[in-house]
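Q: I would like to learn how to read helices and sheets in a model. Please take me through this one.

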Amino acid sequence: MVVYQVYPRSFQDSDGDGVGDLDGVTARLDHVAALGADAVWLSPFYPSPLADGGYDVADYRDVDPLFGTLADADALIAAAHERGLKVLFDVVPCHTSIEHPWFREHPDWYVWSDRDGPQNNWRATFGGPSWSRDEVSGRWYLHSFYPEQPDLDWRNPEVPRAFGEVLRFWLDRGVDGFRIDALDRLMKDPQLRDDPPASGPPPLPEAHMEGGLEQRNSRNAPDIGTAIAQLRAAAPDALLVGEVYLLSNRLQPYLEHLDACFCFELLHAPWRAEPVRAAIAAAAATGQAAWVLSNHDFPRLPDRVGPRNVRAAALLLLTLPGLAFVYQGDELGMADGPDEGHDRAGRDRHRHPMAWDASPNAGFTTGTPWLSVVAPADGPASEQRDGSMLDWYRSLIALRRELRGDLELLGGEPDVVAFRRGEHVVALNLGDAQAAAPAEAGEPLLATPGATARALPPGGAIVSPAT
Ligand code: GLC
């Protein structure tokens, strides 16, 4: 499957308030279908004070008026299904917004310090201690992310029960699955022990490493599988994709119950053959990889791999076996834009609105966009024709349907990543000099400009029948 990630705030505004909304998503579903995607995943659109772009949810079972109504969500689901697109919503079980009524009505559903101060030395993902004082009760609560996002206590059986109702609410409305947020933070050490000092760099990049700690107790508790099993029990037939910020070899307790987990190793791998090959091998070994190269949290492709390598990166993403996630705008070649001060962790850069056409604000809104519209190098979607980035993505997704079989990495030139998928060979050159394509590659079915069955220029990539 190819899953297309929609960041609703920045996709399409339908009412001129400058903010994308659900009706806007519905109006643009033909774009997603024409791309050849099988499903859409929508980042959160629930009622939220937007301290974390909607990942601070104040009501899991409604739509924020900024984005529309429940009826608009129903219409979106129906319109997607009419086009053969499955629908994944984003659920956030680790924490609520501090404005969720649960925080006052059910304080025992949250994690509290038993002291007048932080219980331990844990650090929050976006900086500062993981503990803040609740001004109402005077007690200190745990938050793995921003202080506006108190962590739920998944060891209290009421919490999985309440969350099961949330999943069933959306399944009853026709949703096909969920992207589940921040699962490695769902369960922590039951005794809330300190994190030990780190002996080396973190396994995956962290937004803030000010504490110099190894996050051994503040995430990924040994009994995490019990909580994940409860999520699965509430949604036995749904597609469940976990956001678990761990290396592939730590994902087993999650994958036992989920369909797939994102492969963050590949998303972060330095764009060199050896680390990219290692990331692919590790995730492919799980057999349940959800491949992803960018999303609303991390730099877009031109900024991450360099403009020269963007097409090769897309070719890699869309030829790997399993689930592939395409972040909105990547199919237009969008690059990061300026930081305009909405997200305190600096992630505005990756969230600029879609550029649809040549009209003012690129057709995203008739009003003032909440974040400026930054035109991609190949122009807005309506201007991208044969040979454009959009054309490249459509061709890759169409060819993807022909690819069968497991992944088998091939040897060859040191700067080339190459693998077989059944009857096909995929090869890309990540180095700075021309390199030979693998001997197994026949005349390419798809090639970046200048790449052939014999030679791959820097940034060159091909998909060929195997000879
Ligand atoms: C996930 C989301 C990110 C959010 C965080 C806390 O990593 O992708 O945007 O800030 O969880 O919910």
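Q: What covers the buried residues of α5?
A: Some ground rules come before the case. This is a predicted model, where local features need pLDDT of at least 70, side-chain atom pairs count only at pLDDT 80 or more, and totals for chains, interfaces and linings use all residues. Residues are numbered from 1 along each chain as its sequence is written, and side-chain values use heavy atoms, with hydrogens and water left out. Buried means under 20% relative accessible area, exposed over 50%, partly exposed in between (1.4 Å probe, protein chains only). Contact means heavy atoms within 4.5 Å. Helices (H or I, at least four residues) and strands (E, at least two) are DSSP runs, numbered from the N terminus. Here the cover of α5 includes α3, β3, α4, β6 and α6. Among the buried residues of α5 are F163, F169 and W170.

Q: Which strands form the open sheet, and in what order?
A: Two strands pair if DSSP finds at least two bridges between them. The order is β11-β12-β13-β17-β15, with antiparallel pairing. β11 and β15 each have a single partner strand, so one side of each lacks a neighbour in the sheet. β13 and β17 pair over 5 bridges. One of the residue pairs is L428 with A461 of β17.

Q: Where does α11 pack?
A: Axes are lines fitted to C-alpha atoms, for helices over the stretch in contact; angles run from 0 to 180 degrees between N-to-C directions. α11 packs on the sheet, touching β12, β13 and β17, at about 40° to β17. In α11, 8 of 8 residues are buried, including R311.
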